[in-house]
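Open the model in a viewer and keep the selection tool to hand.

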Amino acid sequence: MTSKTLSGAAAIAALPRDRLLGEFSLWSADLANMQRDLERIEPYVDMHHIDVADARFTPGFLFFPDFVARIAALTAKPIHVHLMVEESIVEEQVRQFIEAGADLVSVHAETGAAGLRAVKLARELGAEAGVVLRLETPVAAAEPFLQHVAFLTLLGTSIGVKGQSLSENACDRLTEARSLMQSAGRESEIILAADGGIREQTVPLLRAAGAETVVLGSLAFGDRDLPGRIAWLHGLEKAA
């Protein structure tokens with residue numbers, strides 16, 4: 001078992017803000033050899049990303065609290081749970097995943113008032129909260145959440161399907177989100193994240209558009225030179 005020096009909101013507050021973060025999606029790990037993959041990436045990952053899906057808000061099922069609890073016992077790095085679930089269960093799911101070891105739980109803006117209650121609950125339970133927008137959802141839908149979250153994640157592909165190309169609107173949406181954060185007076189408190197369509201040729205574009213973290217799948221797990229890949233990632237500059 002690996003002991004964490006920081007957990008919950010404190011672990012998220014300690015993330016570096018002077019470079020692009022590497023958020024590793026465990027959906028792309030070798031699920032039959034998870035402990036081996038976790039040991040391989042531990043020196044390079046800033047945060048583990050775990051997608052959770054209820055097969056109603058998204059096309060299929062993904063992961064559950066027991067899985068998160070097992071991951072939490074094997075890593076010292078923060079765990080970000082992305083809840084792709086309907087509003088009727090989002091609050092209870094936030095509670096269950098925080099109890100399992102999630103440091104940050106992001107809910108979808110599309111869950112409306114229930115999602116707002118869920119992010120407030122996450123913070124009451126000592127974790128940090130985030131909000132996510134589907135590709136087709138206007139960026140302005142995040143506005144009610146901005147006073148309550150530490151992460152704003154924009155999906156650059158259709159929800160719940162791996163291997164898609166980045167939408168041509170993804171970078172413009174990041175720029176719009178940055179303006180929204182500025183208007184709310186929380187640009188320095190919220191980390192802007194890009195999820196979906198993460199490829200070698202798209203990451204520099206997303207970084208230039210304002211992304212502060214990208215959710216890495218095959219770009220990390222499929223790279224034989226992981227130290228080199230992460231050095232490249234950390235060296236990408238954000239546009240002034």
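**Stop 1: a helix pair**

In this predicted model, α3 and α4 lie roughly parallel to each other, because angles under 35 degrees count as such and theirs is about 25 degrees. To see the pair, select residues 65–72 for α3 and residues 90–100 for α4; the axes are 8 Å apart. The crossing of α3 past α4 is right-handed.

Next, show side chains at the contact: Pro65, Val68, Ala69 and Ala72 on α3, and Gln96, Phe97 and Ala100 on α4. Six of these contact residues are nonpolar, one is polar and none is charged.

**Stop 2: the cores**

Select Val81, Leu83 and Leu152. In the largest nonpolar core, which has 75 residues, these three touch the most other members. Now centre on Leu83. Leaving aside residues up to four places away in sequence, Leu83 touches Val52, Val90, Gln93, Val94, Phe97, Val105, Ser106, Val107 and His108. Another core, of nine residues, lies apart from the largest one; among its members are Leu15, Leu21, Met47 and Ile191. In soluble globular proteins, nonpolar side chains tend to be buried together.

**Stop 3: two loop residues with positive phi**

Go to Ala55, in the loop between β2 (47–54) and β3 (61–62). Ala55 is not a glycine, yet its phi is positive, at about 65 degrees. Its relative accessibility is 28%, so Ala55 counts as partly exposed.

Then select Phe63, in the loop between β3 and α3. Phe63 is also a residue other than glycine with a positive phi, near 60 degrees. Is Phe63 buried or exposed? Phe63 is buried, with a relative accessible area of 17%.

Technical notes:
Residues are numbered from 1 along each chain as its sequence is written. This is a predicted model: local features need pLDDT of at least 70, side-chain atom pairs count only at pLDDT 80 or more; totals for chains, interfaces and linings use all residues. Side-chain values use heavy atoms; hydrogens and water are left out. Axes are lines fitted to C-alpha atoms, for helices over the stretch in contact, and angles run from 0 to 180 degrees between N-to-C directions. Helices (H or I, at least four residues) and strands (E, at least two) are DSSP runs, numbered from the N terminus. Angles under 35 degrees count as roughly parallel, over 145 as roughly antiparallel, 65 to 115 as roughly perpendicular and the rest as oblique. A crossing is left-handed if the near helix is turned anticlockwise from the far one by less than a right angle, and right-handed if clockwise. Contact means heavy atoms within 4.5 Å. Ala, Val, Leu, Ile, Met, Phe, Trp, Tyr, Cys and Pro count as nonpolar, Asp, Glu, Lys and Arg as charged, and the others, Gly among them, as polar. A nonpolar core is a set of buried Ala, Val, Leu, Ile, Met, Phe, Trp, Tyr and Cys residues joined through side-chain atoms within 4.5 Å. Buried means under 20% relative accessible area, exposed over 50%, partly exposed in between (1.4 Å probe, protein chains only).
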